[in-house]
Every structure is written in C-alpha cells, then in structure tokens.
Amino acid sequence: MFSVKKVECITKTFRLPVDLVKEMEAVAQSKNVSLNNLVTQSCRYAMENLEENQNKPADA
C-alpha cells in the first residue's frame with residue numbers, strides 16, 4: 001500500500017563554486033528536478049560510495 005512519508009530536513013548554507021552551481025542547475029533543469037533534489041541525491045550518492053576508510057572520523 002502507498003504511504004506518504006515526510007522526510008525531516010534542516011536548512012544549511014554552503015558556499016559552492018559558481019561553475020559547479022551552473023552545471024548542477026543545468027543538470028537539474030534537464031532532468032526536470034529541483035536543484036535541491038539534485039544536491040540531496042548527489043550528496044547521498046557520494047556518502048554511500050565513499051571508500052571504507054574515508055567514511056570514518058580522523059581520530060577513530
């Protein structure tokens with residue numbers, strides 16, 4: 001059965017290079033998704049695909 005899920009979010013401000021933002025805006029528009037959605041998916045993908053030793057804190 002379909003159920004609507006609400007994802008808890010937080011607002012953060014990040015500084016990104018202008019060229020990266022322009023590229024991401026173009027991709028988001030071409031894929032018909034919001035820039036926020038693309039950034040979220042990109043960050044999730046990056047976190048899930050970190051090498052094993054890169055995902056641990058430096059002091060661990």
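Biologist: Why is Asn32 called exposed?

Modeller: Asn32 has a relative accessible area of 71%. Exposed means over 50%, buried means under 20%, and partly exposed lies in between, with a 1.4 Å probe and protein chains only. Asn32 is therefore exposed. This is a predicted model, in which local features need pLDDT of at least 70, side-chain atom pairs count only at pLDDT 80 or more, and totals for chains, interfaces and linings use all residues. Residues are numbered from 1 along each chain as its sequence is written, and side-chain values use heavy atoms, with hydrogens and water left out.

Biologist: Where is Asn32 placed, and what is its phi?

Modeller: Asn32 lies in the loop between α1 and α2. Its phi is positive, at about 60°, although Asn32 is not a glycine. Helices are DSSP runs of H or I with at least four residues, strands are runs of E with at least two, and both are numbered from the N terminus. The protein chain has 2 helices and 0 strands.

Biologist: What makes Glu25 buried, partly exposed or exposed?

Modeller: The relative accessibility of Glu25 is 39%, so Glu25 counts as partly exposed. Glu25 belongs to helix α1. Its C-alpha atom is separated by 9.7 Å from that of Val39, which is 14 residues apart along the chain.

Biologist: Which class does Phe14 fall into, and why?

Modeller: Phe14 counts as exposed because its relative accessibility is 66%. Phe14 is found in the segment before α1 (18-31). With Leu16 and Leu20, Phe14 forms a nonpolar patch on the surface, and together they have about 310 Å² of accessible area.

Biologist: What makes a group of residues a patch?

Modeller: Patch residues have over 30% relative accessible area and no salt bridge; like charges are joined within 9 Å, and nonpolar side chains (Val, Leu, Ile, Met, Phe, Trp, Tyr) within 5 Å. A salt bridge is a side-chain nitrogen of Lys or Arg within 4 Å of a carboxyl oxygen of Asp or Glu. Accessible areas come from the Shrake-Rupley method with a 1.4 Å probe, and for residues only the protein chains shown count as cover.

Biologist: How many disulfides does the structure hold?

Modeller: A disulfide is a pair of cysteine sulfur atoms within 2.5 Å, and the structure holds 0 of them. As for accessibility, Cys9 is exposed, with a relative accessible area of 67%, whereas Cys43 is partly exposed, at 45%.

Biologist: What share of the protein chain is buried?

Modeller: Buried residues make up 5% of the 60 residues in the protein chain. The chain exposes about 6,400 Å², of which carbon and sulfur atoms supply 54%.
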